[in-house]
Amino acid sequence: MLIRRIAVRNFRKHLAGVVIDGLEPGLTVIAGDNEEGKSTLLKALQAALFDRYNLSGKAMGDMLPFGSKVRPEIDVDFEIGQTRYRLKKGFHQSPSARLESDDRHWQNDSAEERLRELLGFSPPGKGPAKEEHRGLSGLLWVEQGRAFAPLELNRDTRDALREAIAGEVGQVTGGERGRNLLAAVQKHHDRYYTLTGLEKRALKEARAAAEEANDECERLEGELSHYDAQVDRLEKLKRTLARYESTGQLANAQGDLEKAQKAAKELEDLEGGIATAAAEMRTAESSLELVRSKWKHRRDDAKRLEAVEADARNAEREFADLDEALRAADTAHEQADGNLKTARSAFASARSKRLAAQRELKRAEIAVALNELTRKLEQAQKIDAGIARDREAAARIRIDEKELKALKKNESELDRQEAALEAVATTLEFSPDANQSVRVDGRELAVDRPYRVTERTSLELVGFGRLDVTPGGEDVRTRRAKVEELQNSLNADLAQRQYCSVGEAETAFRQKSQKLKEIETAEALLTGIAPAGLEELRNAVAGRREDLAACTSDLTIAPASVEEAKRAEAEAASEEAEAETEQSEAEKEWGIRQKTSSAVREEWTTVKGSLRLHSQEKERLAVKLDQDRGITSDADLENAVDAASRGRDRQAEALQVLAERRERMFPDLVRGELDRAREACSTLKDQIDRDKRQARDLEIELRTVGQQGLGEQVGQKRREREVARQELERLALDAKAWKLLRDTLREAERKARETFLAPVRERLQPYLERLFPSTNLLLDEDGLEIKSLRRGTVDEPFTSLSIGAREQIAVLARLALADLLREKGRPVALILDDALVNCDDDRFRRMGTALRHAAERVQILILTCHEARYQTLGARTIRLIDCSEPRH
Amino acid sequence: MSVTLIHTSDWQLGKQFANVPGDAGAALRDQRIETVKDVAKVARERRADAVVVSGDVFETNAVADRTLRQTLDALESFEGDWVFIPGNHDPALADSVWSRAGHVYAGQDGKPGNVHFLLKPEQPLLLKDGALAILPAVLERRHEVDDLTAWFDRAQIPAGAVRVGLAHGSVREFLPAASEAPNPIAAGRAGTAGLDYLALGDWHGTLRIDDRTWYAGTPETDRFGSSDPGNVLAVGIDRPGAPPSVELIPVGRYVWREFEWAIHGAPDIDALERHLESLCPDPARLLVRLKLTGVVDFALHEKLRDRLAAWDARLRYLRREDEALVAQPSDDDLDGIDRGGFVRAAVEALRARAEDPHDAEREIARAALLRLYHEHVRMESASC
């Protein structure tokens, strides 16, 4: 759709009229200040296209300029496809509508009918056209202040869009019917499952009921089975009891028992006889044992007496021997004691002799040492006196080596300076005539050799007169002064040490050195004689003298020689050793004798005691034997033993006879049979009693249980179990079927939504990228309403976005939908009445680009009071003020 | 002296009908006592000398006291002799329903003289002052390997007495299905034992073995598949040795029928309904086990479902077995649900699964499709 011209007269504000002509495809900005009537222009356009020409009432009244009763007139020229249409509508007074194309025209109702066909809208039954009656314009023509609202598509627009989409992807959604079906299925599903897919009560209860019925059934079956088993048991018991009766089992057992009891009685009697015989036998044996014991004791006593007598005799003999030995030992001991005393006395004497010899030897040795020390002392004292003299002589010579070297050095320097003076001195060589001489300071000069003048010298030439010679040059004077200085210094040094010359000083120094060497030699000698010093040597001499005095009180007796003393000491030592050996021998002998004597004495005492004991025992035994024999003689006792032995043998024979009789009865068998028969009888009786009791108990129990009708209960429970099982199966299948159906429908619906919205997304996304990069717009596939903006995984509901964002997104969505509709041949033009008032500059610039891009395909008219802002878009601008018509 | 007997057996009192849930099962249970009363009534009307009951009076020895007392009460309306032998369901064990019946009677005024429980083996019962001798084969356990009627051959009874045998077991030659069954009865026993009549129990349908040997069958049918049950036999014996007259008297209330029906189109449903109508004049007495086969589309399945729902309400009991009935959606069915959109996509996904023999949830997918179709039909009808 392309709007070419709009002319409005007498419509609300436009009482004077306004004509906007020459509208072109693309983007056109229609600018006007506030209250200048640009929004009225949009209302006029809507009225012309969508309101009935013969509209009346308040809606019509609203079209009139305030306070006027004029005829509002609106002309719209537009193109759809290749056809150009001109629409003229007049309201209120002589209302009319006329639509013309190049070759046809339509008047009034048919004109409006044609408009409906062209623009695809559904007019209201009566009253003014609202959004829902304006077809696509309801979406694409945005009134001031509504741009940020949801799209709120009217039915015609929705249908057109659905058709457009279906043209691309076919019919993918299920529509109202599909939704209803899904809702119905969901309801069925919800009977069985919770929101989270868990089973609900219906299924759970059915399952529980089935399980409970099964458990109950199994319990009852168990009880019934137990009942049947008990019936069988009762049957068996009854048969068993009958068998006891019919076979006479108990009577037989009792017969067996009686027989066994009789046999056992016989055996018991016999065994009583055996016991009596055995007791008698034991008595006979006891008697025999008694007399045998007596007889044995008698013999033992006699033997014992004999043995004791023999022992006593032996002891007496032994004692006599010992007594003699003891006397001999005592004698030997006394003798050894005497020997020992003698030896000890000899040893003491020899020891004192040896000690005296030792002392004499020591005195001789000290005397020798004293002599030697005395000699060394004298020698040392002599050397020491020599040293003292030499030290004194050397001390008198006062020059030392250093001083001598200094003198020598000065002398040498004087010589060197004098030589140098000589060299620069004026040399006078005289060749006097015979006997002529030369005098200086009154002294005659030797003229055979040159004379060197180093200072002004007055020569007296004999025969000639006086010659004053003045050696020339500064150098001679300096050197001379130097020589004089050195000479004076040397002379002073020598004079201080009282030497006339350096040679004399050197001789004195040499003498001093010689003295010092001699002292050194003497000191070495002294050290050799008295290493610890002279005083020490003197002390040593004094010490020895004291030692010597200590050795003897009588100092008058001269000590013997050392050799003599040594000889005397060796002799005394030898004698002492000999005496010691003898003493040791005597001690050893004494020890042996002492020991022997003790041992013999001990044995003597023992044997003596033993002898006493034997004597006592012999006496006791003899008395006892005599007494016993007085009561019973040996012969009587022996006879009594024989008699008891015979009695015992008789009893043994009788017992043997009885035992053999018993063996012939097989006592184990008899007793075994009795036990068996008794036990068999008792067991059988017990068993019968038990069986009877059990049968009685069972009958009572079964009668009680039987009354409960377990069989019927089981039957009933099985029926209930079957019903519960079938019900569960039915419910489970039903539930699964509804779930599968619900899931399948949902999945299909989800896929359908995705497919359905693809064409819209495809066109919307490029626009969206310009303003909201990396986002997706989610649309409701039913109402095609904007739901949310998805950033990443986060959905922001449209209504939560800022007004600016909402405004921009809504305009972009319109651009995309306009593209889609235009592509499908729908008449599409976009009118935005100040739709972008909430954009910042950057967003506005981007929106401008999007609008320019869209305007390449769709005509876009922008009504605005922000002319300057839109100028940046480079769009054609029409000022409303320039379009006013002069008033007719 | 002629003898008239009412021969019946297999009352199976106390049976619970596990496979018939709900009220129908309760009605069947209660009816069995009523049928005993009907037997008594027949005996009274026929002036019978005795009612001989050939075992399995009770479903189990462990029936409730209430059932036992109801049974004994039901006997009171016939004053002739009631002769009972135990069967394999109620054998004369050490403790049995019979011993308990004795206790019940003992607790009242003692056992009536006309009620005879034959529980001791090989002991004839003489009735009508010795003119009628009843020879019982007494089952003392559930299963016997030996033929308990063997002693009939040598049983001594008063001369001139009508000789009637009473046994519970299988005549193997005549009951192929029971060839391995215990409690055997020789086929020619009536002949070898010189019986005027051998009254047998255990087989639930009425069955003639020979002129003198009959299974009375259960008087009230208790299962699908029994052949000719629901009768008692009125046996007339003019004198010893004379051939007995046997009259079959229906007494059962409920009619049990099982059959298979193939559905391939709407006419098959109509035919099924006609067949159901023909089975019993009173549908409330009819129990049906219906095995459906065939392949139907969803529309037909929906129709079948509706029709059978109506029959389910009308009949005493309807057991539908439609495992062999395949509900295969036609293109029309599926188009009917939706031709496009996500619903159709879901339908196609489910159909693919339902037709995939390797899909473990194939049956669930089929059930899901059916439900979807049903919902669709429901919504359609709601919007109409």
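A:Arg544 counts as partly exposed because its relative accessibility is 32%, a value in between the limits of 20% for buried and 50% for exposed. The model in which this residue is described is a predicted one. A:Arg544 belongs to helix α12 of chain A, which covers residues 534-551.

When neighbours within four places in sequence are left aside, the contacts of A:Arg544 are A:Ile366, A:Ala369, A:Leu370 and A:Leu373. A:Arg650 lies 106 residues from A:Arg544 in sequence, and the C-alpha atoms of A:Arg544 and A:Arg650 are 123 Å apart in space.

## The interface of chain A and chain B

Contact between the two chains involves 50 residues of chain A and 48 residues of chain B. Together the chains bury about 3900 Å², and carbon and sulfur atoms account for 62% of that area. On the side of chain A, the residues that lose the most area to chain B are A:Arg177, A:Glu712 and A:Arg719, which together make up 19% of what that side buries.

A:Arg177 also takes part in a salt bridge, its side chain meeting that of B:Glu380 with an N to O distance of 3.0 Å. In total, 3 salt bridges are found across the interface of chain A and chain B. Polar contacts across this interface join 17 residue pairs, with both residues at pLDDT 80 or more.

## Elements and composition of the chain A side

Four helices of chain A each supply at least two residues of the side that touches chain B: α6 (175-192), α7 (201-247), α15 (667-707) and α16 (710-771). The largest share, 21 residues, comes from α16(A). By residue class, the side of chain A that touches chain B consists of 20 nonpolar, 14 polar and 16 charged residues.

In soluble globular proteins, nonpolar side chains tend to be buried together. In this model, the largest nonpolar core has 105 residues, of which A:Ile3, A:Phe78, A:Trp141 and A:Leu815 touch the most other members. Helix α17 of chain A (residues 803-823) provides the largest share of this core, 12 residues.

For A:Leu815, the contacts beyond neighbours within four places in sequence are A:Tyr767, A:Leu830, A:Ala850, A:Leu851, A:Ala854 and A:Ile860. Another core, of 60 residues, lies apart from the largest one; A:Leu728, B:Leu292, B:Phe298 and B:Trp311 are among its members.

Terms used: Residues are numbered from 1 along each chain as its sequence is written. Chains are lettered from A and ligands numbered from 1 in the order in which they are written. This is a predicted model: local features need pLDDT of at least 70, side-chain atom pairs count only at pLDDT 80 or more; totals for chains, interfaces and linings use all residues. Side-chain values use heavy atoms; hydrogens and water are left out. Contact means heavy atoms within 4.5 Å. Buried area is the accessible area (1.4 Å probe) that two parts lose on being put together, summed over both. A salt bridge is a side-chain nitrogen of Lys or Arg within 4 Å of a carboxyl oxygen of Asp or Glu. A polar contact is a pair of N or O atoms within 3.5 Å; within protein, one must be able to donate a hydrogen and the other to accept it, and residues adjacent in sequence count only if both atoms are side-chain atoms. Ala, Val, Leu, Ile, Met, Phe, Trp, Tyr, Cys and Pro count as nonpolar, Asp, Glu, Lys and Arg as charged, and the others, Gly among them, as polar. Buried means under 20% relative accessible area, exposed over 50%, partly exposed in between (1.4 Å probe, protein chains only). A nonpolar core is a set of buried Ala, Val, Leu, Ile, Met, Phe, Trp, Tyr and Cys residues joined through side-chain atoms within 4.5 Å.
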